[in-house]
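Visitor: I would like to learn how to read a helix and a pair of aromatic rings in a model, so could you take me through both?

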Amino acid sequence: MTREEVEIQKEGAQILGKVHGLISRMVQPGVRTMQLDAMAQQFITDHGAVPSFKGYRGSAPTPFPGALCISVNEVVVHGIPGNYELKDGDIVSVDCGVHYRGYHSDSAYTYTVGQVSPQVMNLLKHTKASLHLGIAQARTGNRVGDIGHAIQSYTEARGYGVVRELVGHGVGRNLHEKPEVPNYGQRGRGPRLAEGMVLAIEPMITLGRRSVVQEKDGWTIRTSDRKPAAHFEHTVAILDGKPELVTTFSYIDEKFDY
Ligand code: MG
Ligand code: MG
């Protein structure tokens, strides 16, 4: 994409960032995940944008019903908003996409509900740190494998699992574009990173085993051992050879600044 296209994408990403800001102030015990989704849907449409996920058809038998993927505890990604009431000690990944003036942006953050265990807090901190290590590799001259290697080596060294079945992706006029951006890989392998590429980098990291299963709803992905998983995602453009954040976490309440 050109610098001009990325600037439009960043405008949409501001709306997305503010959704995360509002979510961060709503997340607390007793809130139902469908309430978060309703707020996001309203906010996005009020700002002249469209929620990218609502009605999205993957390989699932039914289109995705929400504006947000809300994934609690052992759910890794693609959780469907519903009646579940958040409770003290939960972690909740909120993933959102916004389509604005022809371009998508995509970002996810894992929030804590009340007090979580130190072990789970560390999982969040390290997963977020691995996202930034992956982003730092998004530069011309590198390859996709450099991103995955950075994420995998950091998280596996700390005893965590790296989910293999789901990956990051290019993002622009379509929500999911080439190349795939795995959270594992080898240095110097995979597609070459080029000027103007825009990537959604999104480590999905587990406290226990790395294997996942899909629930019968055709969307929800959870860990097979039912231990918690964390997920952080930014949309990142490669401009002037270097990574530049398209999405932002800057509206998120500082209590979630892990
Ligand atoms: Mg996402
Ligand atoms: Mg994504």
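Guide: We begin with a helix and then turn to aromatic rings. This is a predicted model, in which local features need pLDDT of at least 70 and side-chain atom pairs count only at pLDDT 80 or more, while totals for chains, interfaces and linings use all residues. Residues are numbered from 1 along each chain as its sequence is written, and side-chain values use heavy atoms, leaving out hydrogens and water.

Visitor: Which residues of H2 are buried?

Guide: An α-helix has 3.6 residues a turn, so residues three or four places apart point the same way. Helices (H or I, at least four residues) and strands (E, at least two) are DSSP runs, numbered from the N terminus. In H2, which covers residues 33–46, Thr33, Leu36, Asp37, Met39, Ala40, Phe43 and Ile44 are buried, meaning under 20% relative accessible area with a 1.4 Å probe, protein chains only. They cover an arc of only 160° around the axis, judged by the directions from the axis to the C-beta atoms, and therefore lie on the same side of H2.

Visitor: How many aromatic pairs are there in the whole structure?

Guide: Rings of Phe, Tyr and Trp (its six-membered ring) pair if their centres lie within 6.5 Å, and planes under 30 degrees apart count as stacked, over 60 as edge-to-face and the rest as tilted. A search finds 8 such pairs; one of them, Phe64 with Trp219, is edge-to-face, with 5.2 Å between centres and 85° between planes. Phe64 is in the loop between E1 and E2 and Trp219 in the loop between E11 and E12, so the pair ties together parts 155 residues apart in sequence.

Key
Chains lettered and ligands numbered in written order. Expected span 1.5 Å × (residues − 1). Buried < 20%, exposed > 50% of the residue type's maximum accessible area, 1.4 Å probe, protein only.
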